[in-house]
Amino acid sequence: MKKTTFSNITFKASHNSYGKEETSNEQLTFDTHAPYHCGCMALEFDIWRHSSTYEYLKEIDKNYFTVNHIGPGKTKLVHYLDEVLDWHKKNQHHPIILITLDIKSSRGGCDFFHKEIDTYLKCYFDETIIFKPNQLMTDETLSLCENVIMNGWPELSSSELQGKFIFCLSGNKKWKSKYAATNLHDRFCFSDEDISASDKEVSPPTKGNVVFFNFHISDHNKEVWMNTIPPFAEKNLITRIFVANTEADWNNCINANVSAIATDKINSTWAKVSDSCEYNIKKTTLDKRSLRNKSNKEYRTDHATKMQEKYESPACMFIFEKQNDATNVYAIRNAKNKEYLDSTITSMSKTITGPSQKWKLIEVDSKDSEYYVQNLENHEYLTKRASKLSKHAEKDEIYIINSVQ
């Protein structure tokens with residue numbers, strides 16, 4: 001059975017949470033008798049900086065960050081953090097909660113912003129219940145994004161996530177980008193990246209230190225974002241959309257495997273993902289197939305130089321990840337070792353770095369699902385020998401490619 005992790009669930013998010021009639025405490029509370037009423041797993045606060053002296057991770061003024069939409073306002077961020085902590089103390093076994101901090105400030109530079117916001121959270125929240133980026137760094141030789149694609153997220157019921165909070169910086173592009181690039185292991189927050197919901201060429205990244213992606217959607221471009229968002233879910237990346245304020249947009253977001261559906265209509269009868277809890281499992285959309293050579297009737301496996309006669313899952317299962325640069329071009333990732341077929345062919349790759357890990361399927365016989373599989377970098381073909389590629393497409397290079405479960 002597939003594990004329930006943070007990346008394979010869909011949940012409700014409150015847009016501009018500070019502007020609602022309900023308190024943060026109320027917005028986070030799920031009611032099984034009225035599952036559409038609040039029950040958010042994500043809040044959002046627009047933050048403004050008011051610089052003053054502070055001591056890194058030890059002391060900082062409560063007024064250093066305030067919350068408001070247009071202009072700084074006077075309500076301190078700690079006011080909302082206190083509400084959240086008060087709710088947590090009464091519901092300590094809650095699922096992971098996402099708190100988006102939308103940076104509205106633009107003046108004064110961001111050279112020390114990473115220290116400022118982390119110090120504020122250290123002083124006015126509870127560091128022990130913050131899930132940090134470094135907790136996903138299983139392989140230190142890879143970026144945060146590469147680690148998430150390869151290894152995913154912890155299970156929701158794990159001690160790492162249950163009763164915890166994730167802070168993610170949004171808004172000011174320069175500030176959040178620099179934060180993500182500054183001593184990642186020390187950071188308290190993740191950073192997101194804004195993605196166009198109208199761009200048909202959008203595709204998930206393969207590296208970097210950003211694993212949250214923000215889409216400003218609308219109904220008129222749904223044919224685009226409903227196709228570009230699902231691949232992010234397939235790579236364990238987190239997507240947040242704003243604003244789903246109609247039932248049609250809400251349902252389209254669920255169908256597109258959005259992670260956090262941000263809405264202003266947190267009490268509308270259609271604003272729910274489940275009748276029983278705060279989240280629902282995303283649809284399985286992975287394109288799973290086997291690669292069986294027609295000539296020797298053997299399957300490719302998780303060993304780059306080995307094939308075998310009998311199909312075995314997950315060793316002989318491959319995930320076909322559609323690439324946007326050409327028709328019928330895929331990155332082909334083994335389901336067991338999570339590595340990609342590579343032009344080197346005697347070894348596999350942990351990540352997609354370019355055409356070396358991309359393959360074109362050239363149809364031979366559609367009725368029997370027969371194809372030539374050509375590498376985009378060297379233009380050579382998979383053949384009946386696992387550790388060799390062929391320059392020619394002949395009978396030994398025909399593969400039968402079927403869907404598997």
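Rings of Phe, Tyr and Trp are taken to pair if their centres lie within 6.5 Å. In this predicted model, a search of the whole structure finds 24 aromatic pairs. One of them joins Phe65 and Phe113, with 6.2 Å from centre to centre and 80° between the planes, an edge-to-face arrangement. Phe65 belongs to strand E3 (residues 65-67) and Phe113 to helix H3 (residues 113-124), so this pair ties together parts that are 48 residues apart in sequence. Phe65 is buried, with a relative accessible area of 1%, and for Phe113, also buried, the value is 1%. Both residues belong to a cluster in which ring pairs link Tyr54, Tyr64, Phe65, Phe113, Tyr120, Tyr124, Trp175 and Tyr179.

Two members of this cluster, Trp175 and Tyr179, are found in helix H5 (residues 173-180), where the buried residues are Trp175, Lys176, Tyr179 and Ala180. These four cover an arc of only 130° around the axis, which puts them on the same side of H5. The exposed residues Lys173 and Lys174 are carried by the face of H5 that is turned away from its buried side. At the N-terminal end, H5 is capped by Asn172, which has a side-chain oxygen 3.1 Å from the backbone nitrogen of Lys174.

A further aromatic pair involves strand E7. Phe213 and Phe232 are both buried. Their ring centres are 5.2 Å apart and their planes are at 55°, so the pair is tilted. Phe213 is part of strand E7 (residues 212-216) and Phe232 of helix H7 (residues 230-234), and the pair links these distant parts of the chain, 19 residues apart. Four of the five residues of E7 are buried, so this strand is largely enclosed by the rest of the structure. E7 has two parallel pairings to consider. With E6 it pairs in the parallel sense over four bridges, and Glu193 stands opposite Phe213 of E7. With strand E8 (residues 238-242), E7 pairs in the parallel sense over five bridges; here Phe215 stands opposite Ile241 of E8.

The loop between E6 and E7 contains Lys207. This residue is partly exposed, with a relative accessible area of 48%. Lys207 and Leu142 are 65 residues apart along the chain, and 8.1 Å separates their C-alpha atoms. When residues up to four places away in sequence are not counted, Lys207 touches Ser143, Cys145, Glu146 and Thr353.

Ser290, in strand E11 (residues 288-293), is buried, with a relative accessible area of 5%. Apart from neighbours within four places in sequence, Ser290 is in contact with Tyr299, Tyr311, Cys316, Ile400, Ile401, Asn402 and Val404.

Charged side chains also lie over aromatic rings. Arg289 lies over the face of Phe320, at 4.5 Å from the ring centre. Lys322 is placed over the face of Tyr330, at 5.8 Å from the ring centre.

Most residues other than glycine have a negative phi, and most peptide bonds are trans. The peptide bond from Phe242 to Val243, however, is cis, with omega near 5°. Val243 is located in the loop between E8 and helix H8 (247-255). The bond from Ser313 to Pro314 is also cis, with omega near 10°, and Pro314 is located in the loop between strand E13 (307-308) and strand E14 (318-322).

Positive phi angles occur at two residues described here. Asn257, although not a glycine, has a positive phi of about 60°. Its place is in the loop between H8 and strand E9 (260-263), and Asn257 is buried, with a relative accessible area of 2%. Ser369, likewise not a glycine, has a positive phi of about 55°. Ser369 lies in the loop that runs between strand E18 (358-365) and strand E19 (370-375).

Terms used
Residues are numbered from 1 along each chain as its sequence is written. This is a predicted model: local features need pLDDT of at least 70, side-chain atom pairs count only at pLDDT 80 or more; totals for chains, interfaces and linings use all residues. Side-chain values use heavy atoms; hydrogens and water are left out. Rings of Phe, Tyr and Trp (its six-membered ring) pair if their centres lie within 6.5 Å; planes under 30 degrees apart count as stacked, over 60 as edge-to-face and the rest as tilted. Buried means under 20% relative accessible area, exposed over 50%, partly exposed in between (1.4 Å probe, protein chains only). A charge sits over a ring if NZ of Lys or CZ of Arg is within 6 Å of the ring centre and within 35 degrees of the ring normal. The arc is that of the directions from the helix axis to the C-beta atoms. A polar contact is a pair of N or O atoms within 3.5 Å; within protein, one must be able to donate a hydrogen and the other to accept it, and residues adjacent in sequence count only if both atoms are side-chain atoms. Two strands pair if DSSP finds at least two bridges between them. Contact means heavy atoms within 4.5 Å.
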